[in-house]
Amino acid sequence: MTFQRIVIALLVLIVAGIGAIGYFEWKIAVQARTLKAFVEGYVFNEAVMACEQAKSSTPFKWNGGKSTSVIGLNSVKLDKYTVSASYTLVADSVYCDYDPIKRKAEIGSSFLERE
């Protein structure tokens, strides 16, 4: 009888622990999405201006473009200590990667031309 109570108590604790972990993971994911949306909103205007002013044989026209979309904020870990961030916009099939740290835009007309 005591063994059964111990097993049931352990199962209840395990289920409660898994539920708590799921709840905290959900809360952190919501906070991360909120932070990402805030950063993307903060960077958007700078990215549009830098992309429109970037010198390229293929002009990037966000304002007045027929088909525009935001791919969003991406990051690539280059090595153990370096993370490279980029904010990507597409206007009329012209890709523009904006580096919010260096505040520099690079334009490529297709995915293969992008780094």
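Predicted model: local features only at pLDDT ≥ 70, side-chain atom pairs only at ≥ 80, totals over all residues.

Colleague: In what pattern do the helix and strands of the protein chain follow one another along the sequence?

Modeller: The secondary structure of the protein chain comes to one helix and four strands. Reading along the sequence, one finds the order α-β-β-β-β.

Colleague: What is the radius of gyration of the protein chain, and what does the globule rule give for 115 residues?

Modeller: The C-alpha atoms, taken along the principal axes, fill a box of roughly 80 × 35 × 25 Å, and 19% of the 115 residues count as buried. The protein chain is more spread out than a compact globule, because the globule rule gives 13 Å for 115 residues, whereas the radius of gyration is well over that, at 23 Å.

Colleague: How far does helix H1 reach from its first C-alpha to its last?

Modeller: Helix H1 covers residues 2-53, which makes 52 residues, and at 1.5 Å a residue the expected reach is 76 Å. The helix does bend, by about 35° at Phe44.

Colleague: Which residues of H1 are buried, and which strands are included in what covers them?

Modeller: An α-helix has 3.6 residues a turn, so residues three or four places apart point the same way. The buried residues of H1 are Glu40, Val43, Ala47, Val48, Ala50 and Cys51. Their cover includes strand E1 (68-77), strand E2 (83-91), strand E3 (94-99) and strand E4 (104-108).

Colleague: Which cysteines does the disulfide join, and how far apart in sequence are the parts that the pair ties together?

Modeller: A search of the whole structure finds one disulfide, and the residues joined are Cys51 and Cys96, with 1.9 Å from S to S. Since Cys51 lies in helix H1 and Cys96 in strand E3, the pair ties together parts that are 45 residues apart in sequence.

Colleague: Is that disulfide left-handed or right-handed, and are its cysteines buried or exposed?

Modeller: Buried means under 20% relative accessible area, and Cys51, at 0%, is therefore buried. Cys96 also counts as buried, with a relative accessibility of 0%. The torsion about the S-S bond of Cys51 and Cys96 is about -90°, so the disulfide is left-handed.

Colleague: How far apart in space are Asp79 and Ser69?

Modeller: Asp79 lies in the loop between E1 and E2, where a relative accessible area of 41% makes this residue partly exposed. Asp79 and Ser69 are ten residues apart in sequence, and their separation in space, C-alpha to C-alpha, is 30 Å.

Colleague: What is phi of Asp92, in the loop between E2 and E3?

Modeller: Most residues other than glycine have a negative phi, and most peptide bonds are trans. Asp92 lies in the loop between E2 and E3 and is partly exposed, with a relative accessible area of 37%. Its phi is a positive value in a residue other than glycine, near 55°.

Colleague: Where is Arg103 found, and what is its relative accessibility?

Modeller: Arg103 is found in the loop between E3 and E4, and its phi is positive, near 55°, in a residue other than glycine. Exposed means over 50% relative accessible area, so Arg103 counts as exposed, with a relative accessibility of 53%.

Definitions and conventions. Residues numbered from 1 in each chain as written. Heavy atoms only, no water. Helix = DSSP H or I, 4+ residues; strand = E, 2+ residues; numbered from the N terminus. Expected span 1.5 Å × (residues − 1). Bend = angle between axes of the 7 residues up to and from the residue. Buried < 20%, exposed > 50% of the residue type's maximum accessible area, 1.4 Å probe, protein only. Contact = heavy atoms within 4.5 Å. Disulfide = S-S within 2.5 Å. Rg over C-alpha atoms; globule rule 2.2 N^0.38 Å.
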